[in-house]
Amino acid sequence: MIYVYALMEPPSQLPELTGLGEAPVERLDVAGLAVAASRHAGEPPKLSDEGVLRHAHVVEELTGSGAVVLPARFGLVFGDGEALERAVQANAEQLRTAIARVRGCVELGLRVLLPEQAGGRAAVAQGGGEYLRARLRETTERDRLARELHDALAGLARDSTHSAPVSGQLLLSAAYLVADDDVETFRRAVRTLEDSHPELAIVCTGPWPAYSFAASTVGAAP
Amino acid sequence: MTGQDQPALAQQVTLLELVDRVLNKGVVLSGDITLSVAGVDLVYVGLRVMLASVGTLERLHDLEAVPALEEAAQG
């Protein structure tokens with residue numbers, strides 16, 4: 001069985017890495033792409049904290065080695081080399097497009113949390129009609145705020161993806177594909193938003209390997 | 001939030017973001033895909049619920065580590 005960590009533009013050399021179950025990470029050349037994978041006898045690796053962190057570590061190290069990397073989702077396994085080759089062949093064009101898109105970029109994550117009491121403001125308003133109107137104002141305001149924050153950052157990114165829940169404390173969850181040279185500018189823009197919205201908890205994470213921009217062009221992924 | 005809370009919050013969010021990426025993002029190949037790791041969906045759903053329902057900063061702080069992924073997968 002072959003467990004896949006990432007697909008890459010063929011790098012000159014793969015760093016020496018230990019994968020799931022202490023198996024060495026190998027480079028397999030398929031359809032003009034390099035696949036970082038490990039071989040396992042019998043059952044596929046079980047889902048565990050350790051496995052998730054190991055997978056993340058391998059992808060991180062590959063990215064750190066300077067290769068252009070499309071991270072695989074945890075649990076991408078194939079029965080044998082032929083099955084792997086068929087799957088990569090069938091998606092080769094989309095994979096190459098995705099590689100071109102993430103080249104020279106990192107992914108930055110953003111989560112924005114509202115202050116604790118904000119969620120309950122509508123609930124304390126009096127009466128049914130008033131409740132609905134307050135609720136509507138709040139929803140519109142949430143939407144406006146999320147959009148303002150996202151728009152300020154999306155312009156600095158090559159690509160972005162975001163979701164803005166209509167209720168709850170999480171106002172905005174987003175990922176931005178940012179060129180290496182623009183990371184500092186991006187972080188400054190986040191600090192500017194923090195300064196202008198001291199009531200919000202704005203957490204910028206990364207740089208990450210481009211997990212959020214690897215899958216969208218590749219067929220499946222419901 | 002105070003300056004003291006921020007690093008702890010950032011740390012927790014980073015861990016959640018990491019797990020969310022590894023389990024939920026990244027390349028999935030159509031066709032011969034064998035997502036044979038039982039419980040991925042379950043863990044994914046569990047995490048989403050957790051993230052979506054982060055009702056208070058305190059609760060976020062309570063997430064000392066990603067809780068028992070394996071248990072969730074088996075449960």
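**Where in chain A is A:Ala31 found?** A:Ala31 lies in the loop between strands E2 and E3 (33-39) of chain A; helices (H or I, at least four residues) and strands (E, at least two) are DSSP runs, numbered from the N terminus. Before we visit that loop, a word on what you are looking at. This is a predicted model, in which local features need pLDDT of at least 70 and side-chain atom pairs count only at pLDDT 80 or more, while totals for chains, interfaces and linings use all residues. Residues are numbered from 1 along each chain as its sequence is written, chains are lettered from A and ligands numbered from 1 in the order in which they are written, and side-chain values use heavy atoms, with hydrogens and water left out.

**View 1. Chain A as a whole.** The secondary structure of chain A consists of 6 helices and 9 strands. Along the principal axes, its C-alpha atoms fill a box of roughly 65 × 40 × 30 Å. Of the 222 residues in chain A, 49% are buried; here buried means under 20% relative accessible area, exposed over 50%, and partly exposed in between (1.4 Å probe, protein chains only). The accessible surface comes to about 10200 Å², and 50% of that belongs to carbon and sulfur atoms. These areas come from the Shrake-Rupley method with a 1.4 Å probe; for residues, only the protein chains shown count as cover. Taking contacts between residues at least 6 apart in sequence, 72% join residues at least 24 apart, where contact means heavy atoms within 4.5 Å.

**View 2. The hairpin of E2(A) and E3(A).** Back to A:Ala31, as promised. E2(A) and E3(A) form a hairpin with 2 residues between them. The two strands run antiparallel and are joined by 5 bridges; strands pair if DSSP finds at least two bridges between them. Across this pairing, A:Asp29 stands opposite A:Ala34 in E3(A). In the turn, A:Ala31 has a positive phi of about 50°, and at 22% relative accessibility the residue counts as partly exposed.

**View 3. E1(A) and its partners.** Why is E1(A) described as largely enclosed by the rest of the structure? The reason is that 7 of the 7 residues of E1(A) are buried. E1(A) runs antiparallel to E3(A), with 6 bridges joining them, and A:Val4 stands opposite A:Ala37 in E3(A). Strand E4 (residues 69-71) also pairs with E1(A) in the antiparallel sense, over 3 bridges; there A:Leu7 faces A:Leu70.

View 4. Helix H1 (residues 49-64) has 16 residues and reaches 22 Å from its first C-alpha to its last, close to the 22 Å expected; the expected span is 1.5 Å times one less than the number of residues. Its buried residues are A:Gly51, A:Val52, A:His55, A:Ala56, A:Val58, A:Val59 and A:Leu62. Seen down the axis of H1(A), these buried residues fall within an arc of 160°, so they line one face of the helix; the arc is that of the directions from the helix axis to the C-beta atoms. As a reminder, an α-helix has 3.6 residues a turn, so residues three or four places apart point the same way. Just after H1(A), A:Gly66 takes a positive phi of about 100°. Helix H5 (residues 128-154) has 27 residues and reaches 38 Å, close to the 39 Å expected. Among its buried residues are A:Ala134, A:Glu138, A:Arg142 and A:Leu145.

**View 5. Backbone angles worth a second look.** Most residues other than glycine have a negative phi, and most peptide bonds are trans. A:Glu22 has a positive phi, near 65°. This residue sits in the loop between E1 (2-8) and E2 (26-30) of chain A and is exposed, with a relative accessible area of 60%. The peptide bond from A:Gly206 to A:Pro207 is cis, with omega near 5°, and A:Pro207 belongs to strand E9 (residues 201-208).

**View 6. Two cysteines apart.** A search of the whole structure finds 0 disulfides over all chains, a disulfide being a pair of cysteine sulfur atoms within 2.5 Å. A:Cys105 is buried at 13% relative accessible area, whereas A:Cys204 counts as partly exposed at 22%.
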